[in-house]
Amino acid sequence: MLFGRRDKREAFERQTERLFPSVFGTALRLTRSREDAEDLAQEAIVRAYDAYDRFDGTNFKAWILRIVTNLYINKYRQRQRGPQMGSLDEEGALEPVSADNELPDRLLFDNALGTEIEQALEAVPVDFRTAVILSDIEGLSYQEIAEATDVPIGTVRSRLARGRSMMRKILEDYATREGYLKQGRE
Amino acid sequence: MNEFLDLHALADGELSVEQATGLKQRVQSDASLRREHEAILNLKDLVRDKSLKYESDECWKACVGRLNELDRSRKVNSFVSRYAWAFCGVLFAAIVGARFFVKDVRGDSVRAADIGRIFPIQGNPHAPVTPSQMQEYASLLNLAKQAVDPNALHLVCPPHQALMGDISITRLDLQDGHSGVLELYLVPAQVNFEDTQPLGSDPSVSAGVIAGNGTSLNCLVWSSDGRTLVLAGDRQEADLEQVRTELVGH
């Protein structure tokens, strides 16, 4: 029993240490506050360790990021009272996005830490930001994002599309400068 | 299915083979779809390539610390829950053992107030005292190294005995020249009467009160030759001390 627990701890620590930059980065991008991100990441790790026996062994990264996201939604989001936007239907995702009126009400994120990408993410409302982070930075599938955020896959698709549209608006000049977008194209 | 969302799904590899094939053909033939598709792919690359890799070592160390704490508390909980019954048993045994220990240590300690209660019935002053009882009286006092002038202090009724715990105590009801019966208790052991106080400057004699049949009597307690004597009567301590001095002195 004792050895079993030690083995479990070692296995958990080995897996988590490798993925911890993703855990912390996601926590930081969601909370936009280093202090909150540290709390969120630590609490998520403790909860994951508690629930490690129930991990099905398939995708550890998706599993632990799901814990981070769920914890953020259930605990930190209410506390932070960040901008809330309900899920949009797929038609709504096609509507043009104005970056100016989507700025977050709190800029807790340390701008010194941010690049253009981080600042653009910061300007995107949290539901859409979460989808973009989990998909484009962490590489989770739609199904995994749906489980992490507890919404249907259709909502994930629309959030992702809308979040990317917002990012494109904000990053257009930067993307062109960096050669990711050709001049004259949106 | 909305084509705009399908373009994102195509870029994310989330379409079925059939859907992806059909959409790719449309993307190839439609310039605006192609531009949109490329823009999505480029944005994905941009976000992936240019997003920051945050320093997280300190936070990871804090997490390891939290996990260590968790493991420690789990170990303690597991140990306690597994051996809780044993703990209870040991605690119970310790309490019982302590009680026996205390009883054993304090076995030679009694309360003077209780000595009167074990003789609930007063001796009958009219009962004749036989010569053998007188002899017993004398020998008891003699054993306790007490001497008495039978004319000054005589037995008014036969000695009677009672048990205090496992000690057999003898009570002698005595009469001297004054009114009122004196009670002399002979305890065949060295006992400590915890509710008595030293009498004056003589630490070998202590004074207290014993409870009788609805009355309280002053008493003096002293030891002699491994026995304990208690002299009680409805008198002042000084008067009792005078009688005691006569007992010891003769």
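I looked up Y180(A) and, leaving aside neighbours within four places in sequence, found it in contact (heavy atoms within 4.5 Å) with A175(A), N42(B), D45(B), L46(B), D49(B) and K50(B). Y180(A) lies in the segment after α7 of chain A, and it counts as buried because its relative accessibility is 16%, where buried means under 20% relative accessible area, exposed over 50% and partly exposed in between, with a 1.4 Å probe and protein chains only.

I note that this is a predicted model, in which local features need pLDDT of at least 70 and side-chain atom pairs count only at pLDDT 80 or more, while totals for chains, interfaces and linings use all residues. Residues are numbered from 1 along each chain as its sequence is written, chains are lettered from A, and side-chain values use heavy atoms, with hydrogens and water left out.

Next I checked the nonpolar cores (buried Ala, Val, Leu, Ile, Met, Phe, Trp, Tyr and Cys residues joined through side-chain atoms within 4.5 Å). The largest has 77 residues, and F20(A) and W63(A) have the most contacts inside it; its largest share, 10 residues, comes from helix α3 (residues 60-80) of chain A, helices being DSSP runs of H or I with at least four residues, numbered from the N terminus. Not counting residues up to four places away in sequence, W63(A) touches A48(A), A51(A), Y52(A) and F55(A). I also recorded a second, separate core of 20 residues, which includes L155(B), L182(B), L184(B) and L229(B).

Methods:
Helix = DSSP H or I, 4+ residues; strand = E, 2+ residues; numbered from the N terminus.
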